Amino acid sequence: MGQPVSGRAELPELAAVRWRPRATARSVATRGRIWTLWSLAHTVPFLGTAALLLSLEPWSAPVALAAVAHAWIIPELYAARGAAVVRPKGARHLRSEPVAQGLLGDLLGHEERDLQRDTGLALEPGALGVWLVGEAGALLVDPGGRRVHCFCVRVPDPDLPPSDRIAHLLLALRTDETGFATVANHAFAGMPWRIRRRLTVRARPALAAALARPIAGP
Amino acid sequence: MAKLIRMDSTGHSTLAEWTAGDPGAEEAAVAAFRAQLDRGYIGVVSDGPGHATQVDDLPLEADLVIMRRPIAGG
């Protein structure tokens, strides 16, 4: 690397979302708690209904079972939507991808490079937690590893090879982490096991690596 | 030798190369950088693991300057 350069610390993309307050560790944690309450709001009434039905009339067990299924399925659907942010998307651009992969590899450390090649996700420790950056979204494992936040964010250029899409997001994240979290759309937050079940088998080791990574915190 | 590259459909393209003390090459690199800014690209210098700096003027002292597209919430 050359000498340090001076530049801007704020993402220019923030201009497109001026109405959004800048993300902070606290606001991200609050979003996580809201998602927990939201999931409970979808789960507890159905479980309560199932318990009430069974206590009133044991023959209503099939209906109670349907209520329990609803209590399980609705949070699962949200988790599936969240995990989908890091699924590979768009054309693979097989001819240009090796060139892009080389550049992305240069931006990553040795361990992170190997992990990205194996899982498709670039691990990036930050002040808000540990990020896993994909082609069109990112996961954020919060300090303590209790929740995983799912962010939908992309570079709107379908001609870019997958590794270039990741490199775009990685460079933006490194430039301004809270700005990145502000520009990105928060899609879901939930416990790691909930997200893990919905990740591709290939991507799961990346989440395990992020959970194992010590987090400095803000 | 320092490089100015652009992430694009080819993976990346080298737009300019220069060495310190070569005014002609530096001038060409600055012109190429400005042309990319005009096309909506953003200049970034990777400062090592975990850090990057957005630049509005070509930092001639940098080894590598990368032009990227703006990102957006999906």
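Visitor: What pattern does chain A follow, read along the sequence?
Guide: Keep in mind that this is a predicted model. Chain A has eight helices and five strands. Read along the sequence, they come in the pattern α-α-α-α-β-β-β-β-α-α-β-α-α.

Visitor: How much of chain A counts as buried?
Guide: The C-alpha trace of chain A spans about 75 × 35 × 30 Å along its principal axes. Chain A has 218 residues, and the share of them that counts as buried is 44%.

Visitor: Let's hop over to chain B. Which residue stands opposite A52(B)?
Guide: Strand 3 (residues 42-46) of chain B is joined to strand 4 of chain B by four bridges, and the two run antiparallel. They form a hairpin with five residues between them, and G48(B) in the turn has a positive phi of about 100°. Opposite A52(B) in strand 4 stands S46(B).

Visitor: Are the residues of strand 4 (residues 52-55) of chain B buried or exposed?
Guide: A52(B) and Q54(B) point one way from this strand, while T53(B) and V55(B) point the other way. Whichever way they point, all of them are buried.

Visitor: How many of the residues on the side of chain B that touches chain A are charged?
Guide: In total, 31 residues of chain B are in contact with 40 residues of chain A. Strand 3, strand 4, strand 5 (64-68) and strand 6 (72-73) of chain B each supply at least two residues of that side of chain B. The residues of this side divide into 13 nonpolar, twelve polar and, for the kind you asked about, six charged.

Visitor: Which residue of chain A stands opposite G73(B)?
Guide: Here a pairing runs between the chains: two bridges join strand 4 (residues 148-154) of chain A to strand 6 of chain B. These two strands run antiparallel. G73(B) belongs to strand 6 of chain B, and opposite it stands V153(A).

Notes
Residues numbered from 1 in each chain as written. Chains lettered and ligands numbered in written order. Predicted model: local features only at pLDDT ≥ 70, side-chain atom pairs only at ≥ 80, totals over all residues. Buried ≥ 20, exposed ≤ 12 C-beta atoms within 10 Å, placed from the backbone. Pairing = 2+ DSSP bridges. Contact = placed C-beta atoms within 7 Å. Nonpolar A, V, L, I, M, F, W, Y, C, P; charged D, E, K, R; others polar.
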